[in-house]
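Load the model in a viewer and keep the sequence panel open. The stops below are meant to be taken in order.

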Amino acid sequence: FFQKEWMLYFQGGITVNWTLFNWEKAEAEKEVLDLDIRKIQNQTEVFLNDIRENLEKLYQLKRTLGNKIVLAEEMIANTREEAEIKADLYRERRLPNRDYLAALEAMEQAEVFAKELRYRLEQVNIRINTLIGREES
């Protein structure tokens with residue numbers, strides 16, 4: 001009787017296990033993010049301190065170069081005056097040619113020195129403007 005009535009029966013299923021919220025994992029991720037934020041803040045502080053120190057050094061160098069330029073301008077005026085005096089003496093044949101040429105060379109050296117200082121001052125100004133993000137036209 002049961003031989004004809006027999007049928008195959010299968011049972012299957014799927015189990016889904018899904019954690020809606022894991023407090024421990026969220027807390028650990030929050031700590032990692034907090035550490036990353038602190039690390040970025042520290043890096044920003046170090047970066048800003050480095051820029052501040054560089055700017056202080058550059059402004060000090062700018063003041064020093066400005067003072068040196070003033071002194072170089074005075075030196076140019078003195079050497080120019082000396083060259084004029086020696087030119088007059090040379091024309092009157094009271095001074096050898098080499099002394100007059102030495103005075104002219106000293107005047108040129110003073111002018112070159114002043115130009116070099118102005119060039120260095122311009123470089124410092126460019127570096128300052130680069131650090132503070134200002135563009136010069």
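The tour goes from the whole chain to a helix, its core, and then a series of side-chain pairs.

**Ground rules**

This is a predicted model, in which local features need pLDDT of at least 70, side-chain atom pairs count only at pLDDT 80 or more, and totals for chains, interfaces and linings use all residues. Residues are numbered from 1 along each chain as its sequence is written, and side-chain values use heavy atoms, with hydrogens and water left out.

**Stop 1: the whole chain**

Show the chain as a cartoon. The chain has 3 helices and 0 strands, in the order α-α-α from the N terminus. Helices (H or I, at least four residues) and strands (E, at least two) are DSSP runs, numbered from the N terminus.

Of the 137 residues, 16% count as buried. Here buried means under 20% relative accessible area, exposed over 50%, and partly exposed in between (1.4 Å probe, protein chains only).

Among contacts in the chain with a separation of 6 or more, 76% are between residues 24 or more positions apart. A contact means heavy atoms within 4.5 Å.

**Stop 2: helix H3**

Select 97-132, which is helix H3. Its end C-alpha atoms are 53 Å apart, which agrees with the 52 Å that its 36 residues should span at 1.5 Å a residue. The expected span is 1.5 Å times one less than the number of residues.

Which residues of H3 are buried? Colour Tyr100, Ala103, Met107, Ala110, Ala114, Leu117, Leu121, Val124, Asn125, Ile128 and Asn129 to see them. An α-helix has 3.6 residues a turn, so residues three or four places apart point the same way.

For contrast, pick Val112, also in helix H3. Val112 counts as exposed because its relative accessibility is 51%. Its C-alpha atom is separated by 9.6 Å from that of Ile76, 36 residues apart along the chain.

Just after H3, Gly133 has a positive phi of about 80°.

**Stop 3: the nonpolar core**

Select Leu65, Leu117, Val124 and Ile128. In the largest nonpolar core, which has 13 residues, these four touch the most other members. Helix H2 (23-91) and helix H3 (97-132) each supply at least two residues of this core, with H2 giving the most, 7 residues. A nonpolar core is a set of buried Ala, Val, Leu, Ile, Met, Phe, Trp, Tyr and Cys residues joined through side-chain atoms within 4.5 Å.

Centre on Val124. Leaving aside residues up to four places away in sequence, Val124 touches Leu58, Leu61, Lys62 and Leu65.

**Stop 4**

The structure has 6 salt bridges, each a side-chain nitrogen of Lys or Arg within 4 Å of a carboxyl oxygen of Asp or Glu.

Select Arg118 and Glu73, whose side chains meet in a salt bridge at 2.5 Å, N to O. Arg118 is in helix H3 and Glu73 in helix H2, 45 residues apart. Arg118 is partly exposed at 37% relative accessibility, and Glu73 is partly exposed at 36%.

Next select Glu111 and Arg80, which form a salt bridge at 2.9 Å, N to O. Glu111 lies in helix H3 and Arg80 in helix H2, so the pair ties together parts that are 31 residues apart in sequence. Glu111 is partly exposed at 24% relative accessibility, as is Arg80 at 36%.

**Stop 5: from H2 to H3**

The structure holds 1 aromatic pair. The ring centres of Tyr90 and Tyr100 are 5.5 Å apart and the planes are at 5°, so the pair is stacked. Tyr90 is in helix H2 and Tyr100 in helix H3, 10 residues apart. Rings of Phe, Tyr and Trp (its six-membered ring) pair if their centres lie within 6.5 Å; planes under 30 degrees apart count as stacked, over 60 as edge-to-face and the rest as tilted. Tyr90 is partly exposed at 29% relative accessibility.

Move on to Arg93, in the loop between H2 and H3. Its phi is positive, near 65°, in a residue other than glycine. Most residues other than glycine have a negative phi. Arg93 is exposed at 71% relative accessibility.

Finally, select Glu92 and Arg94, a salt bridge with the closest N and O atoms 2.9 Å apart. Glu92 is partly exposed at 47%, whereas Arg94 is exposed at 61%.
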